[in-house]
Amino acid sequence: MAEVQHTLAIDLGGTKMLAALVRGRTVVETHRMATPREGNPTIWLQSLFDAIAAWKERYGRVGIAVTGIVDDGHWSALNRNTLDIPDRFPLTDTVTALSGAPVFAANDAQAAAWGEFVFGAGRHEDMVFLTVSTGIGGGIVVNGRLLGGLAGHFGQFRLDESGADTLEDQVSGHWIAAEARSHHPGATAREVFAAADAGQTWALGIVETSARRTALLCRNVQMALDPKRIVIGGSIGLAPGYIPAMEAAFGALSPRLKPSIHAAELGENAGVVGIADLAERQQQL
Ligand code: BMX
């Protein structure tokens, strides 16, 4: 009997590329690779499709979620430190050529927001999703609708008039690794978390500063949108100790003002599950 067709779902972030065969909320098989960061998107995508060539007959549609903004199937960076994407790269056309299947493309954090809304910690209520990862991304679901375009790009908030520094440049995995340099040259964000876990004061200080700033962002988001829940994802956001450090930063905030924060239930699969569902709905239109 022929196998039921899956959706090929791809989550292409600043650090890793995750490809998955997905049915509903079930992730059947995955393949993960580091994002090469050198070369260009055609080369990155080609290397990913080479690695999953054996899946070719198993999917009938593709959803691709990417770091950066997607407009009419064209992909651009907002912050080239997160990933250096040329302006208006023809993402949908390139992936259609590589896969031979219909393609739906969206921003990675917006896709993850949708995954958590439908299948995870969002509980079908008005919600904001925040991924703290290489950068900081976000997605907003209001009245059952995912907002597209720039909506949810909280990491791009500017901190002063010069506009040089974005919020994510002072919070994200990039910032954590850069802050660690004077204490531990070459340390990755993951190593900073391991050092914090082992009780090293310099690392604890970096993690707490990042978590405090994310907590402040959540307070501001609450004032802007008053979501029922703010769901936290991303490799930094889900690292042990990060959400508790955010909770501690809320301190004695009154219950009415305090954001209700929850760990992403789909974990690192939020993006692939969300984009698979969006691709499926798109095809049914
Ligand atoms: C940046 C921006 C967002 C993205 C977020 C998280 C780029 C290339 N990306 O704010 O579109 O959602 O990073 O991305 O401008 P990640 O790679 O850390 O998951």
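Author: Start with helix H4 (residues 173-180) and helix H5 (residues 189-197), which pack at an angle of about 65 degrees with their axes 8 Å apart. Helices here are DSSP runs of H or I, at least four residues long, numbered from the N terminus. Axes are lines fitted to C-alpha atoms over the stretch in contact, and angles run from 0 to 180 degrees between N-to-C directions.

Reader: Where does the model come from, and how are residues numbered?
Author: The model is predicted, so local features need pLDDT of at least 70 and side-chain atom pairs count only at pLDDT 80 or more, while totals for chains, interfaces and linings use all residues. Residues are numbered from 1 along each chain as its sequence is written, and side-chain values use heavy atoms, with hydrogens and water left out.

Reader: Back to H4 and H5. How are they oriented to each other?
Author: H4 and H5 are roughly perpendicular (angles of 65 to 115 degrees; under 35 is roughly parallel, over 145 roughly antiparallel, and the rest oblique). H4 passes H5 in a left-handed crossing, meaning that the near helix is turned anticlockwise from the far one by less than a right angle; clockwise would be right-handed.

Reader: Which residues make the contact?
Author: Gly-173, Ile-176, Ala-177 and Ala-180 of H4 and Ala-189, Val-192 and Phe-193 of H5. Contact means heavy atoms within 4.5 Å. Six of these residues are nonpolar, one is polar and none is charged (Ala, Val, Leu, Ile, Met, Phe, Trp, Tyr, Cys and Pro count as nonpolar, Asp, Glu, Lys and Arg as charged, and the others, Gly among them, as polar).

Reader: What about H4 and H6?
Author: H4 and helix H6 (residues 201-225) pack at about 150 degrees, with axes 10 Å apart. That makes H4 roughly antiparallel to H6. The crossing of H4 past H6 is right-handed.

Reader: And H6 with H7?
Author: H6 and helix H7 (residues 242-250) pack at about 60 degrees, with axes 8 Å apart. They are therefore oblique to each other, and the crossing of H6 and H7 is right-handed.

Reader: How far is the side chain of His-153 from the ligand?
Author: An N or O atom in the His-153 side chain is 2.8 Å from a ligand oxygen atom. For the side chain of Ser-133, the distance from an N or O atom to a ligand oxygen atom is 3.3 Å.

Notes. Helices (H or I, at least four residues) and strands (E, at least two) are DSSP runs, numbered from the N terminus. A polar contact is a pair of N or O atoms within 3.5 Å; within protein, one must be able to donate a hydrogen and the other to accept it, and residues adjacent in sequence count only if both atoms are side-chain atoms.
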